[in-house]
Every structure is written in C-alpha cells, then in structure tokens.
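Please keep the sequence and the three-dimensional view at hand while reading.

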Amino acid sequence: MTAARTLFATCLSVALVVGSAQAQQQDQAPLPLNELRTFAEVLERIRAAYVEPVDDATLLDNAIRGMLEGLDPHSAYLEPEAFRGLQDSTSGQFGGLGIEVGQEDGFIKVISPIDDTPAARAGIEAGDLIVKIDDQPVKGMSLMEAIEKMRGPAGTRVVLTLVRDAGRPFDIELKRAVVKVASLRTETLEDGYVYMRITQFQNNTGDELRRSLASLNEKGSLKGIVLDLRNNPGGVLQSAVEVADSFIDQGLIVYTKGRLPNAEMRFNATRHNPGGSVPLVVLINGGSASASEIVAGALQDHGRAVIMGTDSFGKGSVQTVLPLNNDRALKLTTALYYTPNGRSIQAQGIVPDIRVERARLTRDEEEIGVREADLQGHLMNINGEERPTIRTPVTQGDRRQDTDYQLNQALNLLKGLNIARSRR
C-alpha cells in the first residue's frame with residue numbers, strides 16, 4: 001500500500017471513530033472525508049508526476065508547515081534549529097542579525113531591530129519589508145525559512161534587500177554576530193529623572209527592573225521615570241506582567257481568552273510595586289509589540305502612566321510552544337489577550353495619550369536681542385536683584401534627550417507634572 005493510501009486509511013479510521021462517538025459528543029464534528037480524499041489524491045499525484053522524486057517525509061513536513069502558516073502570521077512548525085533559536089532568544093543570547101520579523105503579503109516585515117545588534121547598527125527600521133535575502137526572493141518562503149536563512153555563524157555576511165515606505169529597493173550588507181541582548185538599560189537624564197529602556201522581555205526582565213527601582217529608591221529624590229518600550233518586539237508574557245506589577249499595587253494587569261481551559265488566564269497586581277507613585281511616561285511606537293503592549297495597556301487603563309509616541313504594532317495574540325518528537329515543536333496561537341478594561345489589542349494596537357512623532361532635534365543659534373535690563377536708565381528690580389547672567393541652563397547637545405525628540409518631550413512632561421504637584 002502506498003504512503004498516500006496508508007495515510008488516507010489511517011485518517012478514515014479516525015474519522016469513523018469520531019463519527020461513531022458523535023452521538024455522545026455532539027460538539028465534536030467528524031473529520032471531513034471529502035477533503036481527506038483530496039489530500040490523499042494530491043499526495044499521490046505529486047509522488048507520481050512531479051518532475052523530480054520527492055520523499056514522503058518531505059511532502060508531509062510541507063503539509064504540516066502549510067497547515068500552520070495558513071492560520072495566522074505567528075503560528076509555525078519549528079524544525080530543530082528554529083526551535084533551539086526560539087529558546088535562545090528568550091534567554092538573551094543567540095546568533096544572527098538581531099531583528100524581529102513577521103510576515104505580510106508574502107514578504108518578511110521588520111517588527112523591530114534589537115538595540116546594539118548588527119540590524120540596528122545598519123539602520124534597519126521597524127516597518128521595512130525584506131524582499132530578498134542574499135539575492136534570493138522571499139516571496140513564497142515561509143517565515144521560519146526566511147529566519148533560518150538570516151541566521152548563520154558569527155562573522156559571516158548576508159545581504160538583505162529592503163523596501164522602505166514604498167520607495168525603491170536597496171541593499172544592506174550585514175555581518176552576523178552572537179547577539180547578546182541586555183534586557184534593561186538605565187541611565188540618569190537629569191537630577192532625579194531616570195531613563196529605563198527595555199529592549200526585549202526576557203525571563204529575568206522583571207527581576208532586573210525591580211532591582212534597579214530598589215536601587216534608585218535607596219538613593220532618593222526620584223522625580224520621574226521614562227520607560228522606553230519603542231521597538232520592543234515583546235517576549236515572555238510573565239516578564240511583562242512583572243514589569244507592569246512594579247508600578248501598580250492592585251487590580252487586573254492582563255487576561256487571556258482561548259478555546260482551551262488553560263488558555264483562560266488572569267494576572268493581577270501584587271502589593272510589591274517599587275515604582276510607587278513616581279510620575280511615569282511610557283514611550284511606544286510601531287515597533288512596540290506583544291508584551292510591550294501588555295505593559296503599556298495595563299499602565300494606561302490604570303491611569304498609572306502617560307503613554308506617549310505613536311500607535312503600537314497591534315499584536316494581541318498569545319503563542320504557545322508545544323514540543324513534538326524529534327526535537328520539533330509547534331508555535332501555535334492559542335489565545336488573545338485583553339487589557340484590564342477589556343480592550344483587545346489585536347490588529348488595533350495601543351493608541352498613545354499624547355501623540356508625538358519621531359523627529360530630529362536641532363538647536364538654533366543663541367538669540368541676540370535687547371531686553372529691558374539693557375536699556376540705559378532702566379528702573380531697578382523692586383527686590384533689588386541683579387539680572388541673572390544665564391536664565392536657563394545651556395546644554396551641550398550630547399545628552400540622549402538632546403537628540404531624541406520623543407524622549408525630550410517625555411522629560412518635559414515629567415517636569416511639568418512635578419511643577420503642578422508642587423503648586424497644589
């Protein structure tokens with residue numbers, strides 16, 4: 001008996017068993033026999049008539065991949081190498097370019113480059129379409145096939161052909177590297193104002209953030225925090241919950257809904273919130289996806305932070321990795337997640353409270369003009385004070401907030417919130 005007939009016979013026996021049990025389980029539909037016959041016929045025709053011999057294992061692997069890729073852009077059949085790569089990416093170290101991608105209209109779309117990686121240093125941007133990898137068109141490739149072609153030994157090179165904003169295609173050559181992603185970066189913007197950048201939600205991100213907040217609280221005089229989630233492609237759900245929990249002391253953070261009982265989950269805040277009531281601005285953009293949107297949505301619904309930037313990516317689905325035999329796995333979309341107020345982010349994204357587009361800051365030449373104090377014979381100030389030589393601090397333009405317009409606006413908002421608080 002051929003492999004096709006054997007497969008069909010197996011499926012038919014399963015269908016008959018399911019059909020006989022239908023009287024006991026009305027909600028379980030029998031397998032579609034006509035479609036199974038068609039599948040078996042197609043398999044047999046390919047084996048008999050395709051221009052080159054194709055072994056049955058390859059055909060069945062392709063069928064499995066097709067089943068998953070036809071569901072949504074995030075479900076996939078993971079070969080052993082891809083499965084290991086997924087495990088490595090959540091641990092914070094992996095080989096490749098440092099780029100998070102999805103699939104759109106048959107092309108590979110950049111969700112976001114990861115900070116301090118070959119992709120980010122080469123200037124790849126969220127929203128870029130990858131149309132070729134080493135001069136090979138990606139049209140017709142599966143997402144996992146494209147990812148595997150971009151991965152490779154550190155030190156080797158790959159050429160990506162990109163299209164940006166409906167412009168002409170252009171090539172970028174990148175050198176692969178061992179990508180070590182630092183999940184959290186913290187620095188002081190000005191006295192009391194802190195910048196916290198989460199590049200990706202890894203297993204230890206929540207612990208790192210809490211340690212950093214505890215250290216800042218010990219130093220005292222914390223006036224405000226900018227939490228930067230721009231171009232953060234997401235990651236581990238539990239880490240996103242822990243980050244939001246660091247700023248919320250009670251209530252719902254996120255909940256999920258799916259068909260399986262274990263897909264119904266609710267995550268609530270604890271009273272361990274080292275962020276306290278410090279003023280908080282969260283920066284997002286079109287590269288903020290998945291776990292980033294969970295954090296931004298929770299803080300927005302609780303009124304705990306001002307969300308600033310541009311609309312987020314809109315990935316409101318949860319993927320579960322289901323290990324199979326032979327070191328393979330299914331990455332399967334099993335649930336949708338919702339913000340505390342019941343908003344589904346899927347294909348909608350988080351809309352910022354204050355929209356601030358990306359822009360470049362430039363400094364005008366110092367204003368030259370005549371003021372009252374420059375006029376001959378002017379009246380002295382009633383308090384007898386001299387005119388200050390410099391009214392506002394002059395910066396050198398080498399600070400992060402002097403070149404990043406969105407961050408500059410976030411910092412100014414935090415200062416305004418503190419001024420308003422002090423005058424109440």
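A nonpolar core is a set of buried Ala, Val, Leu, Ile, Met, Phe, Trp, Tyr and Cys residues joined through side-chain atoms within 4.5 Å, where buried means under 20% relative accessible area, exposed over 50% and partly exposed in between, with a 1.4 Å probe and protein chains only. The structure is a predicted model, in which local features need pLDDT of at least 70, side-chain atom pairs count only at pLDDT 80 or more, and totals for chains, interfaces and linings use all residues. Residues are numbered from 1 along each chain as its sequence is written, and side-chain values use heavy atoms, with hydrogens and water left out.

**Overall composition**

- The protein has 11 helices and 19 strands; helices (H or I, at least four residues) and strands (E, at least two) are DSSP runs, numbered from the N terminus.
- Of the 424 residues in the protein, 42% are buried.
- Among contacts with a separation of 6 or more, 67% join residues 24 or more positions apart; contact means heavy atoms within 4.5 Å.

**Nonpolar cores**

- The largest nonpolar core has 41 residues, and within it Leu 227 and Val 282 touch the most other members.
- Two or more residues of this core come from each of β11 (193-198), α7 (205-219), β12 (224-228), α8 (237-245), β13 (252-258), β15 (280-284), α9 (291-301) and β18.
- Helix α9 supplies the largest share of this core, 6 residues.
- A second, separate core holds 26 residues, including Ala 76, Phe 83, Leu 143 and Ala 146.
- Apart from neighbours within four places in sequence, Val 282 is in contact with Leu 227, Leu 229, Leu 299, Ala 305, Val 306, Ile 307 and Met 308.
- In soluble globular proteins, nonpolar side chains tend to be buried together.

- Strands β11 and β12 are paired in the parallel sense over 5 bridges, and Met 196 has Leu 227 in β12 as its bridge partner.

- Helix α8 is largely enclosed by the rest of the structure, because 8 of its 9 residues are buried.
- The cover over the buried residues of α8 includes β11, α7, β12, β13, β14 (265-268) and α9.
- The axes of α7 and α8 come within 8 Å and cross at roughly 20°.
- Helices α7 and α8 are therefore roughly parallel to each other; angles under 35 degrees count as roughly parallel, over 145 as roughly antiparallel, 65 to 115 as roughly perpendicular and the rest as oblique.
- Residues Thr 205, Gly 206, Asp 207, Leu 209 and Arg 210 of α7 meet Ser 239, Glu 242, Val 243 and Asp 245 of α8.
- The axes of α8 and α9 come within 9 Å, crossing at roughly 25°, which makes α8 roughly parallel to α9.
- This contact involves Leu 237, Ala 240, Val 243 and Ala 244 of α8 together with Ala 291, Ile 294, Val 295, Ala 298 and Leu 299 of α9.

**Two hairpins**

- Strands β17 (residues 317-323) and β18 (residues 329-338) run antiparallel and are joined by 7 bridges, with Leu 322 opposite Leu 330 in β18.
- The hairpin of β17 and β18 has 5 residues between the strands, and Asn 326 in the turn has a positive phi of about 60°.
- Strands β7 (residues 157-163) and β8 (residues 170-175) are also antiparallel, joined by 6 bridges, and Val 158 has Leu 174 in β8 as its bridge partner.
- In the hairpin of β7 and β8, 6 residues lie between the strands and Asp 165 takes a positive phi near 55°.

**A buried arginine**

- Arg 304 lies in the loop between α9 and β16 (306-309) and is buried, with a relative accessible area of 15%.
- The C-alpha atoms of Arg 304 and Pro 279 are separated by 8.1 Å, the two residues being 25 residues apart along the chain.
- Apart from neighbours within four places in sequence, Arg 304 is in contact with Phe 247, Gly 275, Gly 276, Ser 277, Val 278, Leu 280 and Leu 299.

Notes
Two strands pair if DSSP finds at least two bridges between them. Axes are lines fitted to C-alpha atoms, for helices over the stretch in contact, and angles run from 0 to 180 degrees between N-to-C directions.
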